[in-house]
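Hi everyone, thanks for coming.

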Amino acid sequence: RISTSESHREMFAGVDQLLYGLAFGPGATHICAASNSGVLFIWKTDTGEQVLRQSVHTGQAYRCEWKSRGRHSGTGEIATGGADGFACVTDAATGNLIRKIPHPGPVVGVEWHPKQDGVLATASQDGTVRIFNFADGQGGTDGKPQVILQGHTARVFNVTYHPVCPDLVASGSDDKTVRIWNCNPRFTGAREIRTLVGHTNNVRGLLWHSELPFVLFSGSWDSTIRVWDVATGRCLHVCYEHHADVYGLAIHPQRPFFLVSSSRDTTLRFWIYEDLVRSLLVQCIVAPARLAELLGGGPEEVMAVMAVPADNATLPPRKLYGARSKELWAAIQQLPEGGAAYPVPLEAYKIICTFFMYRLGMEDLWGLLATIRGEILPPVPKGLAGAGRKVFHERELVACQKSKALELASTKGGMGIVGKQEERLLKAAQIMLRVGDIRSYCRFTAQAGHWERAICIAPAVSQKFWADLCNEYIETLSATTDIEECAPFWIATGKADLLIDACIERSELDKAFVIAKTEADGLLPSVPQLSAASAACAASAVGDDSRLKLEAVAANLAQLHSDSGEPLQASMCLLAVSQGEHAASLLSRSHEPVLAYVVCDLLGLPKDPVDLKLLAQCMERDSRWDAAGELLRQHPSGPTLHLPLLAARCPDKELAMQWSGWSAEQYQQAIPAALECGDMPSAVLSAVCAAEHTQAAEVGVEALTALLQRPEGWSIAEARSLMDPLECLPLQDMAVKDIANVLAFASYLGLVEASENNYHELVFPLAQTLRNIVMHQNLRFPVTMAEVTMLEATTTASHAPASSVLRLQELLASGELPEHLHPVCHQHIAEIQAMPTGRDAAQKSVYRGLGRMAGAQLPTCYKRYAKTSVLTNALIKGPAFELEDRKLHVSLPDALAWARVNAFSPLNTGCKITPV
């Protein structure tokens with residue numbers, strides 16, 4: 001199970017058997033394997049029962065592929081390739097050998113055609129790919145191939161058919177290349193249409209993408225996975241994280257952008273390739289009803305592109321061609337329309353995100369959002385993703401926990417309930433204890449044979465119940481005295497807060513959350529008996545305190561998940577206590593702009609303006625201008641600022657008129673009037689939209705200088721009204737002076753924003769960038785570098801207070817800080833020294849600062865392949881982001897964080913940084 005990283009079922013072939021190939025049968029009810037001794041095995045996947053053990057090869061069997069026959073489980077034909085020089089076809093139902101096809105050497109790869117019955121491709125030691133057709137009598141029935149594909153100069157290890165185009169097949173070889181062939185028997189031209197070169201060792205794993213017809217994955221002995229654009233022959237991405245040969249590649253059947261790989265380094269690794277279709281995902285989120293525009297046509301469209309030589313190939317707009325995307329569109333069409341409060345149905349977002357994305361625990365997100373919205377989601381069929389929820393909203397938490405306990409305590413047990421009856425009863429009792437059902441706790445504990453414990457706690461229910469339990473105990477004449485913990489006594493004596501603290505200290509935060517919720521609902525016993533008036537006052541006070549404690553436990557649990565690189569799990573902890581705004585903010589700060597957008601839209605919350613800008617940039621980069629406009633329309637400054645700028649950049653002037661009715665000439669005429677009345681933001685905006693780039697830079701820099709020197713101070717919003725238009729300038733094509741001035745102000749404003757939002761990770765890189773620009777270009781900047789150092793030190797105080805105090809003290813002693821800022825600096829030192837420490841400070845941090853991105857802390861690959869960040873000068877863990885020079889890198893989380901406060905690349909070239 002991917003969600004728990006636990007083995008779900010184990011099949012054992014024998015101590016003397018090495019399994020080289022695996023394949024699922026129809027409906028995944030059976031699984032087959034080929035072994036080193038030439039034996040074919042078949043097991044039932046639900047029970048692990050072995051139903052077939054048949055010797056089909058005299059030597060090693062390398063590969064097996066199962067071709068279904070109808071919808072009946074356990075039927076069909078299994079093809080295998082072996083070292084004995086034969087490709088064998090076995091009847092899956094009977095184990096009988098149907099065909100034995102000779103080859104001039106060992107057969108390493110076999111693949112059934114996904115759309116044509118009886119068509120089999122083989123990969124052989126002699127460097128050829130052979131196509132056999134057992135269905136129409138044209139080839140294969142007599143052991144002769146219908147098509148022979150020659151071109152590799154060494155053994156062909158793998159062969160795979162294209163899932164959309166029946167005439168395309170790919171092969172990987174020990175000659176270190178991947179080749180794409182036209183395998184149509186009637187084709188008379190050159191069959192080899194692409195050669196993909198890049199691997200430095202033998203090619204092993206090979207996989208076409210099921211939705212993107214021009215994307216191919218390959219694994220190799222060089223320990224890498226390469227992602228290819230076969231239309232142009234380019235390598236899109238190289239994954240270096242495996243430490244040995246990569247043999248297995250597979251795509252999740254329900255999530256086509258979720259890849260799994262296996263390697264001789266003994267690991268399975270899971271990859272998310274949603275960045276290949278990020279613009280398609282965003283367009284679906286913005287306008288689900290227009291998904292049909294993203295669906296491709298038939299194989300003819302793909303073949304037309306592949307017919308053009310790679311050097312001259314022009315890729316059409318990226319679209320989806322697979323069966324799952326068509327099913328997605330059919331499902332969206334069947335959904336009812338949303339209401340006025342929530343225009344997009346929750347179910348639409350659910351199936352779109354499930355198709356494009358994978359995050360740990362995503363199945364639980366939709367249940368939480370539905371509960372907050374007062375809706376009920378349709379049940380998920382057992383066995384599918386999302387069938388078993390684990391995170392519940394506080395409104396349903398207690399009921400779900402009780403249901404789980406009753407299921408555990410059931411005498412029949414049932415599928416999935418493991419362990420002896422005593423163990424199940426004790427687990428059920430502990431759950432009932434945590435939800436405040438002391439009576440059931442005592443009953444289940446007594447049934448498990450722990451009578452003394454049950455009798456000790458029974459008075460918390462009533463004296464009569466205690467007496468009844470004692471009588472039952474006497475009648476059973478059996479008891480044990482294994483007292484495990486203090487939890488029952490804390491609960492029974494009204495000291496649940498001690499149990500909560502103990503759970504937190506042991507990092508059992510999920511249990512602490514349940515107990516806190518139960519206490520907040522008044523379901524736990526309270527021993528002291530007060531008068532009616534006193535009891536009412538006490539109940540009110542306890543209710544307030546309990547609610548605060550519940551939210552504190554939720555925040556603590558969220559912080560734990562956030563620190564572990566599980567931002568979605570962290571946000572769901574906050575959603576469980578109806579903190580929708582905090583949950584969306586955490587997703588945004590953890591670089592999940594799509595999920596943050598979805599949560600805000602489903603709960604009717606205002607969307608993060610930074611997320612809207614980043615998503616709009618993604619759409620604009622893929623020339624999806626209408627979707628970019630729809631996103632910016634939701635921005636607080638969209639109609640007055642961002643949409644006119646978008647219109648100025650959009651090549652479709654008819655579409656641009658929807659966002660701004662002004663022409664470039666009208667903006668040109670508006671500049672003098674705006675300057676005359678002192679409306680600098682309008683002057684800069686008009687100059688940018690009129691393509692007066694030099695004038696825009698000069699006016700903007702002058703206005704920002706005046707703003708930062710204003711005695712009464714300034715706000716980020718005022719500065720952003722000037723900087724946002726400047727971010728749209730083609731700086732890389734402008735004069736060095738203009739580039740330096742704009743980049744300096746962009747860095748400083750980014751530094752101030754990072755400081756206000758407690759993005760302490762960005763403070764030093766932004767400050768250093770500003771220093772470099774000012775120093776190297778000898779700029780007259782309105783803020784001294786001593787002030788920048790003070791801002792840098794105060795921002796990092798929550799992360800490193802001792803270091804911050806030391807830097808501030810050194811700054812005071814240096815004499816570089818202006819005299820009027822000395823009292824401010826002393827005040828900062830006093831505030832830092834008085835800051836709280838420990839758990840109280842940690843609980844607040846989940847509401848501010850950057851969260852940890854999913855996958856950002858994965859181990860670094862081999863050092864010779866590892867990238868070094870230009871921001872931190874440290875080896876990058878997790879995904880790296882390539883900068884515009886195609887040589888230097890930053891970590892993807894750092895790139896996403898940087899883009900939140902500064903639109904320009906940290907290389908100071910004037911190019912934009914677009915990591916979304």
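Let's begin with a term: two strands pair if DSSP finds at least two bridges between them. Helices (H or I, at least four residues) and strands (E, at least two) are DSSP runs, numbered from the N terminus. This is a predicted model, where local features need pLDDT of at least 70, side-chain atom pairs count only at pLDDT 80 or more, and totals for chains, interfaces and linings use all residues. Residues are numbered from 1 along each chain as its sequence is written, and side-chain values use heavy atoms, with hydrogens and water left out.

So, the sheet. Four strands make an open sheet, ordered β17-β18-β19-β20, with antiparallel pairing. At the edges sit β17 (203-208) and β20 (234-239), each pairing on one side only. Inside this order, β18 (residues 215-220) and β19 (residues 225-229) are joined by five bridges, and Phe217 stands opposite Val227 in β19.

Now another pair: β11 (residues 128-133) and β12 run antiparallel over four bridges, with Ile131 opposite Val147 in β12.

Last, the helices. In α8 (residues 438-447), seven of the ten residues are buried, including Tyr441 and Phe444. Just after α8, Gly449 has a positive phi of about 95°. In α12 (residues 496-505), the buried residues include Leu499 and Cys503, and Ser507, which follows α12, has a positive phi near 65°.

Note on methods: Buried < 20%, exposed > 50% of the residue type's maximum accessible area, 1.4 Å probe, protein only.
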